[in-house]
Amino acid sequence: MTQRMISVLRPMLKTYFRSEVHGLDGFPPGGALVVANHSGGQFPMDVPIFSVDFYDKFGYDRPVLTLSHDILFMGPTADFFRKTGYIRANRENAAKALRSGGVVVVFPGGDYDAYRPTAAENVIDFNGRKGYVSTAIEAGVPIVPMVSIGGQETQLYLTRGTWLAQRLGLKRLLRSDILPLSIGFPFGLTSPIPPNLPLPSKIVTQVLAPIDIVAEFGADPDVDAVDKHVRSVMQAGLNELAAKRRFPILG
C-alpha cells in the first residue's frame with residue numbers, strides 16, 4: 001500500500017510543489033530519529049516529500065515511520081494511515097520502532113510549528129519540547145536533523161490563535177493549544193475550517209548530517225545541551241535554504 005501511495009504522490013509532489021530533497025547520501029544505516037520542522041498547516045507535505053525521495057533511494061524494505069497526533073487515528077482514514085507508516089506519538093512506540101532499526105520521523109513542534117505565522121516561517125521553534133532527545137538517547141540511535149522551506153507559503157498564516165484556543169478550552173477537547181487564523185484560496189480567512197487549498201509553493205527539504213549523541217556529548221548527555229545543539233544546527237540549515245530562496249511561492 002505504501003508503494004502504491006508513493007507512486008500516486010510522486011508526480012503531484014514533483015509537479016505541483018516542485019519538491020526537492022537534498023542530503024540523503026549521508027543518511028546513516030540502521031535506526032535513526034529524523035527531527036524536523038513542521039510546515040503546511042492542515043496539509044503538511046513534509047513526510048510525503050521526504051518519503052518519496054527516501055524510498056526512491058533506499059527502497060521499501062526500510063520503512064519510514066512517522067510519530068503522529070492521536071487525531072490522525074480517528075475516523076475512516078485511520079486504517080490507511082496505520083498501514084502507510086504513521087504511528088501514535090508516544091515514547092513506547094518510538095522506542096520500539098527505533099530499536100527495530102526503523103527510520104522514525106518526529107516533529108517536536110507539532111501543530112504549534114505547522115501553523116507558525118508565515119512571517120516567522122524561517123524560525124525553528126519546538127515550543128520548548130525536548131522529549132525527542134531522551135527518545136534518541138534511550139534507543140541508542142543518532143538524531144538526523146532535517147529542515148524544509150516553502151510549506152508556510154502554501155497560504156498566508158497570520159497567527160496561531162493561542163489566546164483563542166485557551167479561552168475555548170481546546171486543550172481539553174482536542175489536545176491543541178492553538179486555533180490558527182490564515183488567508184488562502186478559495187475561502188479567504190479561515191480558522192482552519194473550511195480548509196483552503198494549498199498554493200503551489202516550491203518546497204525544498206535538506207537532510208543534515210547525523211548527530212551521534214554519545215560521541216558529541218558523552219555517555220551521560222545533558223538533554224538541554226543536546227536540544228540546543230540540534231535546534232542551532234537546524235536553524236543554520238534553514239537559514240541557508242532561506243538565503244537561496246529568491247521569491248515566495250516561486251522558490
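Biologist: Hi! Is Glu 138 buried, partly exposed or exposed?

Modeller: Glu 138 is partly exposed, with a relative accessible area of 48%. Buried means under 20% relative accessible area and exposed means over 50%, with partly exposed in between (1.4 Å probe, protein chains only). This is a predicted model, where local features need pLDDT of at least 70, side-chain atom pairs count only at pLDDT 80 or more, and totals for chains, interfaces and linings use all residues. Residues are numbered from 1 along each chain as its sequence is written, and side-chain values use heavy atoms, leaving out hydrogens and water.

Biologist: Thanks! Which side chain does Glu 138 meet in a salt bridge?

Modeller: That is Arg 91, at 2.8 Å from N to O. A salt bridge here is a side-chain nitrogen of Lys or Arg within 4 Å of a carboxyl oxygen of Asp or Glu.

Biologist: And how many salt bridges are there?

Modeller: The count comes to 10 salt bridges.

Biologist: What about Glu 20, which side chain meets that one in a salt bridge?

Modeller: Lys 202 does, at 2.7 Å from N to O. The pair links distant parts of the chain, 182 residues apart. Glu 20 is partly exposed at 28% relative accessible area, whereas Lys 202 is buried at 16%.

Biologist: Changing topic: which residue forms a salt bridge with Arg 245?

Modeller: Glu 153, with the closest N and O atoms 2.9 Å apart.

Biologist: Are those two, Arg 245 and Glu 153, buried or exposed?

Modeller: Both Arg 245 and Glu 153 are buried.

Technical notes. Helix = DSSP H or I, 4+ residues; strand = E, 2+ residues; numbered from the N terminus.
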